[in-house]
Amino acid sequence: MKYLVLLIGDGELKPWPEHSEEEQGAVMRLFEAFDAACREREGVEILAGEALAGPTHATTIRTRGGTTSLTEGPYAEVIEQMGGFYLVEAPDLDVLVELLAILPPYDMQVSPAVDPY
Amino acid sequence: MTAPDGALEQVVREEWGRLVALLLAQFRRLDLVEDALGDAVEAASRTWPADGVPTNPAGWLMTAAKRRVVDRLRTEAVAVRKQPLLLTDAERHQEGARTMADGGSLLEDDVLRLVLMCAHPALAPESATALSLRLVLGVPTADIARLFLVPEPTMAARITRAKKRIVGAGIPFAVPDASVLPDRLDAVAQTAYLAFTAGYSPGTGPDLLRAELSGEAIRLVRVVLALRPDEPTLVALLALMLLQHSRRDARVSDGRLVLLADQDRTRWHHDEVAEAMRLLAAPRLAGPVTPLAAAYVLQGRIAAEHATAPTAADTRWDRVIGLYDLLLQVSPSPSARLARAVAVAEHLGPAAGLDALEGLEIPDSHRPASVRAELLARTGDADAARAAYDQAIAACRNDVERAFLLSRRDELDR
């Protein structure tokens, strides 16, 4: 299955800018460990993953009555803090959850992609 | 030869979970398996009385259910419909995906896979509980609905939604890595305990308590314990449930709840108390256990103090208080604080109990106010007691308990 993993909130971690340089390095090594663990695990592949610019750079697109309007900012408050995402191929939820435990303890949302075929 | 009805009932009761598990392992179609097995049971109820009970009743049901599934799959193949399949660890084997931390410690039991799938933490607790009763034990949907005091169509929809979610979210029919298995078994325990306590939440009319359905939760724990003997959380939970369940016949009289102190102790099931006491003495519970297991052990020991007291007056309230103190360290909760305050009142008098209640609130619950009212009444402060009863009555959402509180309040005026 393909899963979209949204790194959606800092949870108990302090905000990124408040990390010292060493602390930032330590967090980055967790992301690298996650990459490595996914590479080693058969049936698992990171298809995409990016850090995202902050909510001030987000644009919301809405179409109403055939007219598309753009507004500044994120779609909803709930994803205002979204810091990044992964698109991961994994055999099932248990395997994915096990691997995600390697990442810094962000609040996350995991959504399976719908197989169109 | 066994009577056909009795034989069918027995095989359904004992083998349902194993049959569901085997069918899932083979076909991975969570949407078809339960219906197919239901059809097989229906066919058995028609043919066994005429043809006699087959020598292998479970095998007969399995064959009939398999035929049903295969028929459905053929129909679907003609319609060229692709259905999402349940993920199994058989699939992980094929993909060679089990390279990490697979030290051969995995259990390959189909029923355990079924239990872990139904009680998966990614399912809402009520859904997990309903699904476990339905798929592992074969409890009819109508009975599960009665247990949770909801209409049958509501429960049927909840179970269907849970099955769709399992397939949609990718919850596997698999035993997880050994490092997370204890946590997952704790989730199974919580699932079973939720079913158990549902039967003891007061309803109205003939459904005042649904204790016989609570007994199904005990059966669920026994099924899992048979697969994972000595699992501390499950051993402790079984003891706790047996102790609470042993009082079922004494808890209701003439359609009213009977408080612990007023119960006829000869009507308790003392064989169940004895089994629970043996379980609580298990050496495995003396070692390091998870916080959940520790909480069940302590609650079990508290229940045991009541179960082994010859009369209510003989209760060792000092020991009960000590056990609540430990429980509040392991698993602090307002309801445990409330229960401790009741024990303090019994041991040291109502004024001490009121002190122990100080500042205690449970959102949306009438219980703190009703205990406060009772203790105020005992101190002789009828006005304050009446005000506390009024508060409890206003917060109470259950007809039976409200009637009880109203009668206590009216007794103040006599």
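The secondary structure of chain B amounts to 19 helices and two strands, in a model that is predicted. Taken along the principal axes, the C-alpha atoms of this chain fill a box of roughly 80 × 50 × 40 Å. Of its 414 residues, 40% count as buried, and among the contacts in chain B between residues at least 6 apart in sequence, 64% join residues at least 24 apart.

As for confidence, the predictor gives the complex an ipTM of 0.78 and a pTM of 0.86, while chain B averages a pLDDT of 89, with 93% of the residues scoring at least 70. Over residues 94-108 of chain B, however, the pLDDT is below 50, although this stretch has 25 contacts in the model beyond near neighbours in sequence. Where pLDDT is low, predicted coordinates should not be read in detail.

One helix pair can be described at the level of residues. Helix H12 of chain B and helix H13 of chain B pack with their axes 11 Å apart, at an angle of about 140°, which means that H12(B) is oblique to H13(B). Their crossing is left-handed, and the residues that make the contact are set out by helix below.

| Helix | Residues in the contact |
|---|---|
| H12(B) | B:Val273, B:Ala276, B:Met277, B:Leu280 |
| H13(B) | B:Val297, B:Gly300, B:Arg301, B:Ala304, B:Ala307 |

By class, the contact of H12(B) with H13(B) consists of seven nonpolar residues, one polar residue and one charged residue.

Key. Residues numbered from 1 in each chain as written. Chains lettered and ligands numbered in written order. Predicted model: local features only at pLDDT ≥ 70, side-chain atom pairs only at ≥ 80, totals over all residues. Axes fitted to C-alpha atoms, helices over the stretch in contact; angles between N-to-C directions. Helix = DSSP H or I, 4+ residues; strand = E, 2+ residues; numbered from the N terminus. Parallel < 35°, antiparallel > 145°, perpendicular 65-115°, else oblique. Left-handed = near helix turned anticlockwise from the far one by under 90°. Contact = placed C-beta atoms within 7 Å. Nonpolar A, V, L, I, M, F, W, Y, C, P; charged D, E, K, R; others polar. pLDDT = per-residue confidence, 0-100. Buried ≥ 20, exposed ≤ 12 C-beta atoms within 10 Å, placed from the backbone.
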